[in-house]
Amino acid sequence: MENTDMAISKKLEIIYHNGQPDGIRSIRRHLSTMTTYVIPRPLLSEAKKLTGINRPGIYYLISENDDNKIAQIYIGQTRNGVSRLDDHNRSKDFWNKAIMFLADSKTFSLDMISGLEKFAIMKAQESKRYKVENSVVPKYEIDEYDLVAVEEIYDEIQFIMATQGYKMDDA
């Protein structure tokens, strides 16, 4: 019989790349296939020097208000990691931090990334917690077998966002 009282413990490793708690950090959960990068916008060029930061995945551009709550959010996908943020650095003004969830090796197919992006946008819009800058939800059909993996990855994204002080679920 399953013991539902016992929550499973999770172990995270966090690297504070310049030794500052609010600087660039990378976060990895034990045995995960994904690394999270938290990149304050002024440190974008510095972030490009990290190894592994050019892998595929999805990202959130966020604008925080004064009490570190998300005021605005934009969700996108990237095939080449941090270099995707250059466009947004030029064309989108609202954000002050990027949080990237990048796959190790070839864990995410492009289908998975598209599915994850769509799922994350839908979840953000449903939450009604903040202004979602995405005007278009990608037209993408998620295969029922991929959906299970997408939901699992999204759960991990939600968990890691929460450890950084960002609630992603319903207001």
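In which strand is the place of Gln72? The close-up views below, drawn from a predicted model, begin with this residue.

**View 1. Gln72 and its surroundings.** Gln72 belongs to strand 5, which spans residues 70-78. Beyond its neighbours up to four places away in sequence, Gln72 touches Leu61, Ile62, Ser63, Phe94, Tyr130, Lys131 and Glu133. With Glu133 there is a polar contact between side chains, at 2.6 Å. Glu133 also forms a salt bridge with Lys131, in which the closest N and O atoms are 2.9 Å apart. The relative accessibility of Glu133 is 25%, so this residue counts as partly exposed. The C-alpha atoms of Gln72 and Glu126 lie 14 Å apart, across a separation of 54 residues in sequence.

View 2. Seven strands form an open sheet of mixed pairing, in the order 1-2-3-6-4-5-7. Strand 1 (12-16) and strand 7 (131-132) are the edge strands; each has a single partner strand, so one side of each lacks a neighbour in the sheet. Strand 1 pairs with strand 2 (residues 25-29) in the antiparallel sense over 5 bridges. Within this pairing, Ile14 has Ile27 of strand 2 as its bridge partner. Helix 3 lies across strand 4, strand 5 and strand 7, and runs at about 165 degrees to strand 5.

**View 3. The nonpolar cores.** The largest nonpolar core holds 30 residues, of which Tyr60, Phe101, Ile157 and Met168 touch the most other members. Elements that each supply at least two residues of this core include strand 3 (34-40), strand 6 (97-103) and helix 4 (144-163). Helix 3 contributes the most, with 7 residues. Ile157 touches Met34, Ile58, Tyr60, Phe101 and Leu116, leaving aside residues up to four places away in sequence. A second, separate core has 18 residues, among them Ile39, Leu43, Leu61 and Leu85.

View 4. The model contains 8 salt bridges. In one of them, the side chains of Lys48 and Asp86 meet at 2.7 Å, N to O. This pair joins the loop between helix 1 (44-47) and strand 4, which holds Lys48, to helix 2 (residues 85-91), which holds Asp86, over 38 residues. Lys48 is partly exposed at 36% relative accessible area, and Asp86 is partly exposed at 23%. A further salt bridge connects Asp104 and Arg55 at 3.2 Å, N to O. Asp104 lies in the loop between strand 6 and helix 3, and Arg55 in the loop between helix 1 and strand 4, 49 residues apart. Asp104 is buried at 17% relative accessible area, as is Arg55 at 19%. Shared partners join Arg28, Arg55 and Asp104 into one salt-bridge network.

Conventions. Residues are numbered from 1 along each chain as its sequence is written. This is a predicted model: local features need pLDDT of at least 70, side-chain atom pairs count only at pLDDT 80 or more; totals for chains, interfaces and linings use all residues. Side-chain values use heavy atoms; hydrogens and water are left out. Helices (H or I, at least four residues) and strands (E, at least two) are DSSP runs, numbered from the N terminus. Contact means heavy atoms within 4.5 Å. A polar contact is a pair of N or O atoms within 3.5 Å; within protein, one must be able to donate a hydrogen and the other to accept it, and residues adjacent in sequence count only if both atoms are side-chain atoms. A nonpolar core is a set of buried Ala, Val, Leu, Ile, Met, Phe, Trp, Tyr and Cys residues joined through side-chain atoms within 4.5 Å. Buried means under 20% relative accessible area, exposed over 50%, partly exposed in between (1.4 Å probe, protein chains only). Two strands pair if DSSP finds at least two bridges between them. Axes are lines fitted to C-alpha atoms, for helices over the stretch in contact, and angles run from 0 to 180 degrees between N-to-C directions. A salt bridge is a side-chain nitrogen of Lys or Arg within 4 Å of a carboxyl oxygen of Asp or Glu.
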